[in-house]
Structures are given as structure tokens and as C-alpha cells.
Amino acid sequence: MRGNPKPAANRYGYDAFISYSHGADSSLATDLRNAMYRLETPWWRVRSRLRVFLDTRSLPPSDDLLASIDRELERSHHLILLAGPKSAQSAWVRHEVEFWKKHRDAKTLLIALTDGEIPIQDKKIDWPKTTALPSCLEGWLINEPHYVDLRKARTLQSPAFHSKVVDLVAGVTGRKPEEVDGQYRRQRRRRNLAVTAVLAAFIALAVIASVLVTSQRDEADRQRSVAVGKDFLATAKNERDTDPRLSLLSGLGALELDPTPEARTALADTLMQTHFEGVAARHGTNTLNLAMAANGRRAATAARVGEVENGPEFRYEVVLWETGSAGQWRRLGALPEIVDHFAPELALGADGNTLVTGDLDGVELWDVNDPRTPRRQAGAPAHGVESLALREDGTALAVSDSGGVALLDLRAPFGTRTMLPGLKQASEVVFSPDGRQLATTRNGQDGDVRDVNDHQATVWDVTDPARPARPRPVLGHFSATVFAAAFSQDGRTIATTGPNGDTVLADLAGPGDPEVLAVIKEPAGWVASVAISPDGTKLVTGDDGGNAILWDIEDRRNPKRLATLDGQPGSVLAAAFSPDGTTVFTATAGLDNTPDEGGAVYRWRVSARSRPAPAGALAGHELRLTKAAPNPADDTTMATASEDDTAILWDTTDRAHPRPRRVLHEHTDDVRGVAFSPDGNTMATASKDKTVILWNVTDRDAPTRLATLSPDDQPVNAVEFSPDGRSLITATGNELEAMGGHVVLWDVTDRGNPVRLAQLGQTGSGFEGAGEIAFHPESRMVAIGGVGLQLWNIADRHHPALLANVPEATGPNGLAFGQGGKVLAVAGASEPSAGLDKLNERSLTLLDVTDPARPKTLGTANAGNAEDVAFSPDGHTIATASGPPVLWDATDPTRPILVTDLTGHVRDTSSVAFDRSGRSLLTASDEPINTTAMLWTVGDLPDVVARATELACAAVGPGFTEQEWNERAPDLPYRRLCR
């Protein structure tokens with residue numbers, strides 16, 4: 001087509017790559033790209049013909065990122081340089097320009113001047129006076145360059161902005177500016193003509209045209225939403241390991257725009273895999289120091305908040321925070337702003353009411369009992385404070401500065417100090433939790449001459465701060481420099497970190513020099529921070545690559561990596577555990593002065609979320625199992641029934657090793673059903689021998705028979721107690737094809753004398769149709785499965801009334817009420833007219849029974865040949881027995897979502913039941929060779945699937961900012977993902 005751009009994107013992938021300073025021109029770069037897209041988007045298309053690469057990440061250069069950027073540069077035909085003083089000094093921009101010099105010619109470099117000057121003399125750049133171009137271009141840009149001047153046209157609202165963008169698009173496409181602008185104006189006129197035509201048609205066709213236009217527009221909007229939703233979904237999966245915040249945000253975006261089961265599962269997968277729990281606090285452009293009170297209720301951070309004009313110093317702020325138990329920290333107050341070359345050092349008292357700061361000029365003691373109005377209590381001179389440590393009892397302060405390490409006894413006048421002998425340098429000082437030991441770490445060079453006490457790290461006995469004694473060296477590093485140190489809570493172990501990716505664990509328990517227990521090696525460079533969990537079993541290290549790593553150090557000599565906490569921009573300069581050891585906080589120094597990449601304190605889970613897993617096996621029967629039931633009032637008792645004529649009571653106190661409490665042999669044929677009363681003190685067993693036995697199981701180890709029921713002269717296949725404990729239902733059925741059975745309601749208020757009340761109906765013939773039973777939570781209604789599905793009102797137990805008959809639900813194999821009795825789950829029901837290949841397509845059906853006389857289908861799922869079904873107590877999760885047991889998310893009963901299947905049984909399962917907490921599941925198999933029931937821990941996965949949006953929003957706050965949304969979904973209006 002005449003006027004189209006040259007097909008550079010077909011050869012290169014991108015027509016242009018925008019190189020810019022994130023700190024100076026981030027918004028301008030985004031506006032520029034969007035304006036270029038608008039110029040080159042035909043009126044009939046959604047997407048532009050141009051492809052422009054814009055890297056919105058503001059991260060430190062690293063091998064992986066540089067390689068990624070180089071790949072995109074290699075795929076680009078032109079380089080658009082947003083020139084200005086800050087971009088001229090940017091390491092990113094210099095790298096991108098150097099690449100371009102090596103792989104392209106100067107004709108493919110387009111310059112947009114955003115600030116500064118590009119003076120020209122004799123038709124050449126006057127380089128000594130140039131402030132806007134990287135110096136590396138000197139000698140490569142020989143002739144006077146053509147550039148567009150955006151200094152007075154930096155926004156979309158500027159009248160001159162359009163013409164400047166036209167010039168850039170012309171340079172990229174190889175066309176004349178007037179051709180680019182002319183085509184744009186023609187497209188706009190065509191668009192206006194099209195709109196006019198639509199309006200004319202609207203007037204002519206009235207309501208019909210309106211419906212068509214609206215429908216088409218809605219469909220176009222839907223298709224755009226689906227397309228962007230799929231892009232979000234891909235990002236959520238790709239960024240799961242490296243940027244959990246972006247993965248969660250993208251997962252929320254995918255669920256908002258295209259709410260498919262896949263999107264929900266992807267969001268749950270990210271939540272299950274990541275330890276990220278959100279940003280606890282954002283502070284300045286670099287959060288450089290973090291101190292937490294021993295009680296965990298308060299924290300203090302020091303951050304850079306600005307520069308001093310015409311000076312080398314920076315402005316720093318010290319903020320006090322209320323940490324709380326979860327969520328974002330609450331800012332309480334701040335100290336007066338500090339102007340210095342370096343961030344102040346911090347130490348916070350155990351109760352959070354005392355704060356000590358140190359800088360180039362000295363040390364200051366603050367009373368922050370009322371954090372809104374901090375009061376300076378005292379000050380002492382110092383020379384370039386490098387580290388501070390406050391003993392937990394508040395009686396001593398350790399100060400490291402250029403003169404060595406001093407101990408200040410805070411019971412004496414502030415400033416009275418004792419120097420640690422022979423110690424020249426210390427990069428960090430740390431008290432043990434009991435305050436009896438002090439660790440000092442050394443900042444030196446490998447060739448330094450060391451004093452007798454000037455070790456890589458040294459542990460001092462400071463029981464008496466005025467008389468430090470017994471300096472003991474901690475060695476084992478591969479460098480003379482050690483950055484950080486941390487004691488275990490009992491003071492018997494110390495961890496020290498160095499610049500070569502090494503962390504040393506040493507034993508302090510012995511009287512002699514500390515014994516090196518292990519040296520942990522990381523692939524990263526500087527390990528700048530370290531902390532040990534309160535119980536001493538975990539270690540966290542933070543490096544200069546933005547990673548924190550969790551280690552299992554329960555076996556001190558064999559540390560094991562538990563998890564890598566990725567996704568933090570900048571260096572992890574401080575780390576701390578919460579007092580309960582469940583959370584890790586990391587403080588990072590951000591890069592570039594962009595809010596989203598600035599300093600922050602991140603919050604991480606120590607333990608990963610758990611997936612469903614086998615807990616133990618209940619192996620004791622000789623033939624196949626028919627039913628398994630947990631005691632609803634006792635988490636340590638369960639029961640199983642079997643074709644070996646027995647029922648077994650199990651002690652599951654030790655979930656990994658269940659043991660039989662008692663084997664009940666009183667039946668003379670298969671035991672087909674077992675159920676507990678709500679109080680857990682009565683158990684019923686149903687048998688093929690045509691009887692039901694009621695057992696007193698108050699003494700779990702010595703059950704006694706209470707009564708024997710004979711419902712009919714037929715095998716009893718199912719038995720169930722009502723939730724109020726007053727009623728019992730039995731279902732019988734003969735295995736002869738021509739005969740069915742009966743469902744009988746019993747009064748068991750007097751457990752020793754059950755009274756037959758009424759017959760509710762007839763079950764189907766054969767064992768398969770012999771009746772499934774489920775009581776409504778309020779005990780006034782019961783669901784019965786036989787030939788079809790029936791709902792009965794049993795409020796008047798002497799005169800039950802049939803509420804609804806659902807004959808199309810043929811042969812249900814399992815029934816369960818959930819969600820407060822509003823939903824009935826039906827397993828194994830299929831329509832009579834369905835062909836053989838369709839029998840399993842509706843094997844799980846969820847019915848709305850709020851109006852029990854008119855049950856309505858809410859949702860269905862293919863659960864295989866489902867033999868049983870159970871609702872979790874919270875109503876969010878359903879378990880089905882088919883092949884392997886399967887867990888489903890039923891939070892939205894109209895769309896049950898597969899959570900996971902449970903692999904462990906050798907054969908198909910026939911029975912599923914949740915315990916009263918919903919955290920355990922009991923399953924049984926009906927295969928003759930499988931005589932084992934299994935106990936499962938449900939884990940966190942079902943809850944995560946049910947609450948995926950809630951949990952993700954708790955971690956990421958309101959969702960994408962408007963700028964982030966516009967960068968990733970420019971064709972869609974902004975949506976707030978978390979409300």
C-alpha cells in the first residue's frame with residue numbers, strides 16, 4: 001500500500017528502540033511512543049503498524065539484564081536517543097549507545113533533545129560545550145546531526161509536540177514529514193467520515209442500527225480485553241520466579257479482563273510458589289538502614305529523600321514505623337531532616353521507645369516514646385559513625401567510627417566510653433541477644449597488616465562494658481573484609497558475611513576460639529546483610545543483586561537453601577525476622593529517582609504455602625474398604641468400614657502413623673456404612689447382614705454396643721446422623737435386580753432405644769442404587785439418592801413431606817450440603833438420555849436448594865466416575881472420589897474449578913470426608929486389593945484458590961498504578977484491580 005512504512009519490523013522485530021533516562025524522561029518516553037503509535041495506526045485497525053521498544057524497568061545494570069537489552073537492540077532498526085544531561089550520564093544510555101556504535105551506522109540514530117544543549121560550530125558538534133550527548137558519541141557523530149527539539153514541547157498537550165513526533169516517525173519510516181502528517185490527517189478524516197456514516201445509518205435504521213453498533217463495540221471491547229488478559233497471563237507466568245509483584249499484578253489483571261479458570265489457577269500458582277507478601281513500607285529513593293525493636297512492634301528506617309543543591313551532600317530522613325502483625329507499616333513520626341554525605345546509622349531499643357542515630361559528626365540519643373514528637377536526650381562526638389548497636393537491656397551502646405569501636409555505658413553520663421583495644425576498623429557492631437557478647441566485623445583489604453585483635457570478625461565478652469575481655473577471632477572468609485554479623489537467640493552461633501558470596505557459621509559455645517561449622521557459598525557478589533530466626537533454625541542473607549536467600553540451618557554443619565526471595569530492585573542492605581519467626585523483612589536501596597523503584601522494606605513469608613499431601617495410611621483391613629469417616633468432635637479419632645465384616649476405630653493423634661484403637665467384629669457380613677453422631681460419642685455401623693449397630697465410643701479404646709436396628713429384611717448400605725443428633729437415617733437395598741430398598745428415619749434421642757419414625761421412600765434396585773443420604777445443616781431437610789434425587793422436609797419427623805423429585809439426576813453416588821445448606825453437591829449423576837460417551841460429563845453437579853421445592857443447577861464439572869462427594873466446613877472446597885481423589889474450588893458454585901488431584905491410592909477411591917477443621921481429608925478405596933484408607937493434609941492450596949484475589953491484593957495493594965496500566969494496556973481504560 002502506498003504510504004506504508006518500510007518493513008523494518010519484519011527484518012528487525014522493532015522499528016525503533018527508545019533510549020532514555022528513567023529519572024528524567026520516563027513520562028516523555030511513554031508519551032512519545034504512544035504518539036508514534038497513533039500516527040501510524042490506520043483508522044480500521046486496533047494496533048499500530050510501528051513497533052517501538054520501550055524498556056520501562058529501572059534496574060541496575062547486570063549481566064542478565066544487559067544481555068536482555070542487547071537482544072532487543074539487535075532486533076531494532078533505529079535508535080531514538082532522548083538527549084539531555086541526565087541521559088548523557090546514565091549507565092544504561094551509555095551502554096545502549098556503545099552497542100549502536102558497534103552494530104549500526106550513524107544514519108540510524110535519531111536524536112530528540114529534551115534538555116541541555118547541543119552547540120554546533122562549523123557544522124560540527126562543539127563537544128566541550130555539549131551537555132546533552134554521551135561523550136562516547138564523540139568521533140562517531142562527525143557531521144552536524146539533525147535532531148528534533150522537545151525542550152519546549154514535552155507533553156501531548158503542547159501544540160508543537162505533534163510536529164516533532166511527525167519528524168521522528170518520518171526518520172524511522174524513511175518518508176517525508178509531510179507524507180507522514182498527510183497520511184495521518186487523511187486517516188483522521190476517514191475516521192470522521194466513518195463516524196458520520198455510522199451516525200447517518202443510526203438515524204436511518206434507528207433502534208436496529210443502535211443494537212448492532214453497541215453489540216459490535218461490546219464485542220470489540222471484549223476481544224481487546226481478552227487479548228490483553230492473555231498478555232497479562234503470559235507475563236504472570238514468565239515473571240513468577242523473578243518478579244513476584246509483577247507476576248501477582250499481571251495475574252490480577254488477567255483475572256479482571258479474562259476471568260477464565262486458567263487465569264485463576266495461574267494467580268493461585270504464583271501465590272503458592274512465592275514467599276512475597278508485599279511492601280511493608282516505601283521510604284525515599286534509597287532505604288539504606290533498617291532497625292527493628294526486639295518486640296517487633298516498631299521499626300526505624302533511614303532513607304535518602306533528596307539532594308543538596310550545588311553540594312555533594314544528600315538529605316536524609318529517619319522515620320519511625322508501627323509494624324503491626326501484617327500489611328503495610330504505619331508511619332508514626334520522623335526525626336528532623338539530616339544533611340550528610342552518608343545515611344545515618346540506627347539502633348532501636350528493645351521496646352521501640354529509644355532510638356540512637358549516628359553520622360559523620362556524632363551520636364545522638366532520642367526518646368521516641370511519643371514518636372510524633374521525638375525528643376533529643378543527649379549527644380556525643382564521633383568521627384564518621386559506621387555502625388551502632390544498642391544492648392537489649394538499654395544499658396550499653398557500641399559505636400564504630402574512624403577511631404575504632406567504643407562502648408558507652410548508658411548508666412553513666414552519655415559520652416563516657418571504653419575503647420576496644422587494638423581494633424582499628426569495624427564495619428559493623430552487633431550485640432548478642434543477652435548482651436554479654438559483642439561482634440565486630442572488619443572492613444579491610446587482603447594485604448592489610450592486622451593487629452593481634454584485628455580479625456575478619458571478633459567476638460568480645462562485654463558482660464562488663466567497662467572491661468571488654470577475651471576477644472575471640474571468627475575466621476573462614478575468603479577476604480579480609482566482613483560486612484555483617486548476626487547472633488542466634490541463645491548466643492551460641494554467629495553468622496558473618498563477606499564480599500565473595502560467602503557466609504560463615506561459627507560455634508561460640510566452646511571456651512576456645514569459635515569453630516567454623518559451615519561456609520555457605522552464594523553465586524552473588526557482596527552478601528551485605530544477615531539475620532538468624534528467633535528459633536535458630538533459619539538464616540536469611542541479602543546481597544547486592546537484589547536477592548535474599550532463606551537457609552535451613554537446623555543442622556549447622558549442613559545448611560540447606562530453602563528459597564530465593566527475588567524481585568527486589570537494588571541491594572538488600574538490611575534483613576530482620578519478625579519476633580515469631582514467620583516473616584522476614586528486607587530493606588533495599590532503589591535505583592534512579594523513580595517512586596516504584598525507590599527504597600522499600602519488603603515482607604516475605606518464611607514458610608512456603610503447603611500443597612495437599614499424604615499424611616498417613618490407615619492399613620488394617622483384610623478386604624476392600626467401603627466407607628471412611630472422621631469423628632466430627634475429635635480430631636484424633638476416625639473410623640473405617642470394610643467387606644471383611646469389621647469396622648475399625650483409629651487413633652490419628654500421630655497423623656503420620658495412625659494406629660487401630662479397636663477392631664469391631666460384631667457384624668457377620670460386609671460393613672457398608674459408618675457414621676458418628678455430632679458429639680462424637682456415638683457411632684453407627686451398617687452392614688450387609690441387614691443390621692445397624694449403635695456404639696458408645698465415649699471410651700475410644702473400649703466401645704460398647706448400645707442398640708441394634710433392623711430396618712428391613714435387606715442389606716443396609718448407608719447410615720447417617722442428623723446434625724442435631726436427634727435423628728438417624730438408614731438406606732437399604734437388595735442386590736437382586738428386581739428389588740429395591742427403603743430409606744427409614746429413626747428417632748435416636750435415647751441412644752439405647754431407637755424408634756422407627758417414618759419411611760421416606762424407596763431406593764433403586766441393586767447395590768449401586770441402594771441410597772445415598774445427606775442431611776441439611778439445620779436437620780430439617782434430607783437429600784436422598786436412589787432411582788433419582790429427592791428432597792424431603794423432615795421438620796415434622798413423624799410426617800415427612802416430599803419437597804422435590806429430580807428424576808433426571810440418575811444414580812447419584814454421593815450427596816453433600818455446603819455453603820450453609822444453600823448448595824447441594826451431587827456426585828455421579830447423569831441424564832438418562834446421555835450416550836455412553838457423555839455419562840461422566842456432569843459427574844459433579846452443584847444445585848441451588850435455597851428454594852428446596854425448585855432446585856436449580858448452578859454449575860457442573862467433569863469429575864470422572866465420581867463415587868462420593870464432600871464439602872469442606874467453610875464451603876469453599878469440594879472433594880470427589882473417582883480415580884484419585886480430586887479437590888475443587890466451589891467459591892463460585894456456578895463455575896467449579898479443578899484445584900488438584902491427590903495421587904497416592906493404588907486404585908480408584910470410593911469415599912471422601914473432611915475432618916471438622918477442613919485441614920485434613922480421609923479417603924478410602926473400593927478395590928479388592930487396596931485395603932488402605934489414606935489421611936491427607938489439605939494444605940494451603942484450596943484456600944489460596946478460593947481467596948486468590950484477596951491474598952494477591954494483600955500483597956500488592958491497589959494494583960497497577962495508572963502509569964503501569966497505560967504502559968501494559970494502552971488500549972483499555974484504567975482499572976483498579978484491588979478495591
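Modeller: The buried residues of H6 are Phe161, Val165, Val166, Leu168, Val169, Ala170, Val172 and Thr173. Buried means under 20% relative accessible area, exposed means over 50%, and partly exposed lies in between, with a 1.4 Å probe and protein chains only. This is a predicted model, in which local features need pLDDT of at least 70, side-chain atom pairs count only at pLDDT 80 or more, and totals for chains, interfaces and linings use all residues. Residues are numbered from 1 along each chain as its sequence is written, and side-chain values use heavy atoms, with hydrogens and water left out.

H6 runs over residues 161-173, 13 residues in total. Helices (H or I, at least four residues) and strands (E, at least two) are DSSP runs, numbered from the N terminus. From first C-alpha to last, H6 reaches 18 Å, close to the 18 Å expected at 1.5 Å a residue. That expected span is 1.5 Å times one less than the number of residues. After H6 comes Gly174, with a positive phi near 80 degrees.

Now the cavities. The structure holds two of 30 Å³ or more. On a 1 Å grid over the protein atoms alone, a cavity is a set of points where a 1.4 Å probe fits but cannot get out, and lining residues have an atom within 4 Å of a point. Grid points are joined across faces, edges and corners, and a volume is the space filled by probe spheres set on the points.

The largest cavity has a volume of about 60 Å³. Ten residues line it, and Ile18, Tyr20, His22, Asp55 and Glu96 lie nearest its centre. Strand E1 (14-19) and helix H5 (91-103) each supply at least two lining residues. E1 gives the most, with three. By class, this lining has five nonpolar, two polar and three charged residues. Here Ala, Val, Leu, Ile, Met, Phe, Trp, Tyr, Cys and Pro count as nonpolar, Asp, Glu, Lys and Arg as charged, and the others, Gly among them, as polar.

The second largest cavity holds about 30 Å³ of space. Of its ten lining residues, Arg38, Leu39, Thr41, Tyr184 and Gln187 are the closest to its centre. H2 and helix H7 (177-205) are the elements that give two or more residues to this lining. H7 has the largest share, four residues.

Helix H2 (residues 22-39) also contains Thr30. Thr30 is buried, at a relative accessible area of 9%.

Definitions and conventions: On a 1 Å grid over the protein atoms alone, a cavity is a set of points where a 1.4 Å probe fits but cannot get out, and a pocket is an open set with protein on both sides within 12 Å along at least five of seven lines; lining residues have an atom within 4 Å of a point.
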